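Subject: Structure for your files, with notes

Hello,

Here is the structure I said I would pass on.

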Amino acid sequence: MHYGLLMSIANMLSNGINSIVNSRIGTQIIMALIEIIAIFAVISVAVIILVYMERRVCGFIQDRLGPNRVGPFGILQTVADMIKLMTKEDIIPKKAHKILWGITPMLLFVPAALVYAVYPFGDGAIFADVNIGIFFVMAVMSQSVLMFLLGGFASENKYSFIGSMRAVAQMLSSEIPMAFSILAVVMITGSLKMSDIVSAQSNAWFVVLQPLAFIIFIISMIMETNRTPFNLVEGESEIIAGPFTEYSGMRWALFFLSEYANLLSAAILTVTLFLGGWHGPLLPGVFWFIIKVFIVIFIFMWISWTYPRTRIDQMMSLSWKILLPLALLNIVVTGIGVYIYKWMY
Amino acid sequence: MNNAMDTVLFYVLALIVIIAACGIVYCKNLVHSALFMTLCFISIAGLYVLLNADFLAAVQLMVYAGTVVILIALGIMMTRRISMDRSNMAERKYTGWVKCISVVLFICLSYIFINFPVPLAKVNTVQDTVAALAQLLLGHYVLAFEIAAVLLLAAMIGAVVLAKGADDK
């Protein structure tokens, strides 16, 4: 069997542990723990990099410097931010539903982290290559809307509540074009497995075969992750910060953490579904994967710092009246294409 | 090892389902009830995974835990009440009847389960559940599938018409 770089490292690690622990079950448990820690490590490191990257990219696009005082090129700015957030006073609103309000930021992180279990990071490097891969991602991602709703409801603040209502409307209308654009990819692959979707792109990336689905997917992913042209859930200038209004310090940081975890998983999904996953010449798969993910994240940031925020009705009509019919049309065309392809070969 | 793990997981999930179901009934706040309902649905999805029905588990997560609870929560929040406390109180009138019916049902079910033990079926687990489901739904049961689709479409159009009509008047 040919395995990628990540899998070789994992095998070496598991052999090493096996020689120390000397029992199969013990090794399995330790490896499972290491895998869980690896997911959290990937998310936390990525968030530290992304926050810095976002502020630099934003500064660059708006023709200003961005953070450049802490450390060389301001690299340690995120560390300084973390220290500030951790030492902040923890303010709990008097009228909030204490328990619900408290658990919401933690619960929000659960679906954001759970989807990482099925992402293919390299050749064979996938924590759980389940049959329903991409469908699992969609099912788990759709859970995060409940936490936004809860956070807004439990804060007992009208701005938070408006924000959470918008979250529900936005996520419901972004999920449907997203699902249909993914369906076009699944129709070509003939499988929901993430590893199958990646290996089907060894010759041609799906962005070539499915350009329309790619554009629809990118737009609905920006809606799903609440980024700027569609960050109506936060809408700082109209509803302060939506569901996060009443949160401060570490609780607010948790919201931020899951937001960037979602951005990263949006980029990973784009790369896996349309840009050939870890496929690429010369370099090991993992490096290609990381390079592509960062390029896609840069494009997401580019879009969000270029366009102004839309109104909620504009966003809804874009998603229901333009994206959804286009996605349906794309599915019909893909179906005919697949049929003709099978008939010819 | 794997079997023991499955058994432990089953009992943990079953306990969560039962606690959450009690929470739905006994919570005095409708929002808390709805949240317990989500917990209940998610643990049932876990039970489906234990039964090797992974597609069904994801559908359970997406349809029930994802959408139905949002709709419930929206419905609750759109009702114009200042406070949601004491919004899910027991109906005193029917408590007696409900208790009677529950006791009768419990006796009947326990009679059945004690006298007719459930046969342990040896079923080969299907590996590719998605393909098998697709074969059944779009092959053998395609008529039922299409009828359900048309019915849902009719229901949706009806809902839109009703909502529009309410706006006009």
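Predicted model: local features only at pLDDT ≥ 70, side-chain atom pairs only at ≥ 80, totals over all residues.

Residues are numbered from 1 along each chain as its sequence is written, chains are lettered from A and ligands numbered from 1 in the order in which they are written, and side-chain values use heavy atoms, with hydrogens and water left out.

Aromatic pairs

Over all chains, the search of the whole structure gives 15 aromatic pairs. Rings of Phe, Tyr and Trp (its six-membered ring) pair if their centres lie within 6.5 Å; planes under 30 degrees apart are stacked, over 60 edge-to-face, and the rest tilted. One of the pairs is Phe217(A) with Phe274(A), tilted, with 5.4 Å centre to centre and 50° between the planes. This pair links distant parts of the chain, 57 residues apart: Phe217(A) is in helix 10 (residues 211-224) and Phe274(A) in helix 12 (residues 249-274) of chain A. Helices here are DSSP runs (H or I, at least four residues), numbered from the N terminus. Both Phe217(A) and Phe274(A) are buried, meaning under 20% relative accessible area, where exposed is over 50% and partly exposed in between (1.4 Å probe, protein chains only). Ring pairs also join Trp101(A), Phe148(A), Phe244(A), Tyr247(A) and Phe255(A) into a cluster.

Two serines

Ser142(A) sits in the loop between helix 5 (133-141) and helix 6 (144-155) of chain A. Ser142(A) counts as buried because its relative accessible area is 4%. Its side chain reaches the backbone oxygen of Ala139(A) at 2.7 Å. Not counting residues up to four places away in sequence, Ser142(A) touches Glu175(A) and Met62(B); contact means heavy atoms within 4.5 Å.

Ser164(A) is in helix 7 (residues 158-189) of chain A and is buried, at 0% relative accessibility. Leaving aside neighbours within four places in sequence, its contacts include Phe148(A) and Pro243(A).

Surface patch

A nonpolar patch on the surface, with about 1100 Å² of accessible area together, includes Leu5(A), Leu6(A), Phe298(A) and Trp302(A). Helix 1 (5-21) and helix 13 (285-306) of chain A each supply at least two of its residues, and helix 13 gives the largest share, seven residues. Accessible areas come from the Shrake-Rupley method with a 1.4 Å probe; for residues, only the protein chains shown count as cover. Leu6(A), in helix 1 of chain A, is partly exposed, at 31% relative accessibility.

Regards

Conventions: Polar contact = N/O pair within 3.5 Å; in protein donor to acceptor, adjacent residues only side chain to side chain. Patch = residues over 30% accessible without salt bridge, like charges linked within 9 Å, V, L, I, M, F, W, Y side chains within 5 Å. Salt bridge = Lys/Arg side-chain N within 4 Å of Asp/Glu carboxyl O.
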